[in-house]
Amino acid sequence: MLEEASQNDDAWLEQEILNRGLLATHYPRRKPNSTEMIQAKVPHNAAQTLAGGEFNRLYARGLSARAKAEGIEFVEAYRARHSENPRAESQAIIGKKFRPEAILEDLRNNPGVDTALGVPHWP
């Protein structure tokens with residue numbers, strides 16, 4: 001699947017997540033102001049959100065690995081997708097330069113959404 005992802009985009013990954021049934025329909029969540037746990041429905045756009053974030057991380061890793069292999073000292077952040085209301089943290093990162101090694105290390109050490117360098121989980 002990794003090789004296939006490198007030839008496609010986040011919409012393809014979203015469809016694969018859906019087609020392969022990789023998301024649960026419910027997840028455990030604590031009731032507000034309570035210790036009681038309930039089964040909450042997974043949001044309808046969960047596959048899209050997951051695919052967008054994971055594809056961006058994969059792209060950043062691939063680009064950084066290639067830059068490192070080719071001896072490129074820095075990679076520069078850019079907006080990959082138009083947004084009517086871009087997030088302030090997203091705007092702040094545009095044009096910033098990062099060492100490819102730092103991005104790779106950051107993504108490897110922070111497998112969740114947030115990274116130390118602030119590599120966004122959206123395009």
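Which side chain does a polar contact of 2.3 Å join to that of Asp 10? The partner is the side chain of Arg 81; a polar contact is a pair of N or O atoms within 3.5 Å, where within protein one must be able to donate a hydrogen and the other to accept it, and residues adjacent in sequence count only if both atoms are side-chain atoms. The model is predicted, with local features needing pLDDT of at least 70 and side-chain atom pairs counting only at pLDDT 80 or more, whereas totals for chains, interfaces and linings use all residues. Residues are numbered from 1 along each chain as its sequence is written, and side-chain values use heavy atoms, with hydrogens and water left out.

**Overall organisation**

- The chain contains five helices and four strands; helices (H or I, at least four residues) and strands (E, at least two) are DSSP runs, numbered from the N terminus.
- Starting at the N terminus, the order of the elements is α-α-β-β-α-β-α-β-α.
- Of the 123 residues in the chain, 26% are buried; buried means under 20% relative accessible area, exposed means over 50%, and partly exposed lies in between (1.4 Å probe, protein chains only).
- Among contacts (heavy atoms within 4.5 Å) with a separation of 6 or more, 50% are between residues 24 or more positions apart.

**Helix 2 and its ends**

- Helix 2 spans residues 10–19, and its residues Asp 10, Trp 12, Leu 13, Glu 16 and Ile 17 are buried.
- Viewed down the helix axis, these buried residues fall within an arc of 155°, so they line one face of helix 2; the arc is that of the directions from the helix axis to the C-beta atoms.
- The N-terminal end of helix 2 is capped by Asp 9, which has a side-chain oxygen 3.2 Å from the backbone nitrogen of Ala 11.

**Asp 10 and its surroundings**

- Asp 10 lies in helix 2 and counts as buried because its relative accessibility is 16%.
- Apart from neighbours within four places in sequence, Asp 10 is in contact with Ala 51, Gly 52, Phe 55 and Arg 81.

**Salt bridges**

- Side chains of opposite charge can pair when their charged atoms come close.
- The whole structure holds six salt bridges, each being a side-chain nitrogen of Lys or Arg within 4 Å of a carboxyl oxygen of Asp or Glu.
- One of them joins Arg 81 to Asp 10, with the closest N and O atoms 2.3 Å apart.
- This pair links distant parts of the chain, 71 residues apart: Asp 10 is in helix 2, while Arg 81 is in the loop between strand 3 (75–76) and helix 4 (88–93).
- Arg 81 is partly exposed, at 41% relative accessibility.
- Lys 31 and Glu 36 also form a salt bridge, at 3.5 Å from N to O; Lys 31 is partly exposed at 33%, and Glu 36 is partly exposed at 42%.
- Arg 66 and Glu 70 meet in a salt bridge of 2.8 Å, N to O, and Arg 66 is exposed at 56%.
- A network of salt bridges links Glu 4, Glu 16 and Arg 20.

**Strands**

- Strand 1 (residues 26–30) and strand 2 (residues 37–41) run antiparallel and are joined by five bridges; two strands pair if DSSP finds at least two bridges between them.
- His 26 is placed opposite Lys 41 in strand 2.
- The two strands form a hairpin with six residues between them, and Asn 33 in the turn has a positive phi of about 55°.
- Lys 97 lies in strand 4 (residues 97–98) and is exposed, with a relative accessible area of 53%.
- Leaving out neighbours within four places in sequence, Lys 97 is in contact with Phe 74, Val 75 and Glu 76.

**Nonpolar cores**

- The largest nonpolar core has eight residues, including Ala 60, Val 75, Ile 93 and Phe 98; such a core is a set of buried Ala, Val, Leu, Ile, Met, Phe, Trp, Tyr and Cys residues joined through side-chain atoms within 4.5 Å.
- Helix 3 (46–69) and helix 5 (100–109) are the elements that give two or more residues to this core.
- A second, separate core has seven residues, among them Trp 12, Leu 13, Ala 47 and Ala 51.
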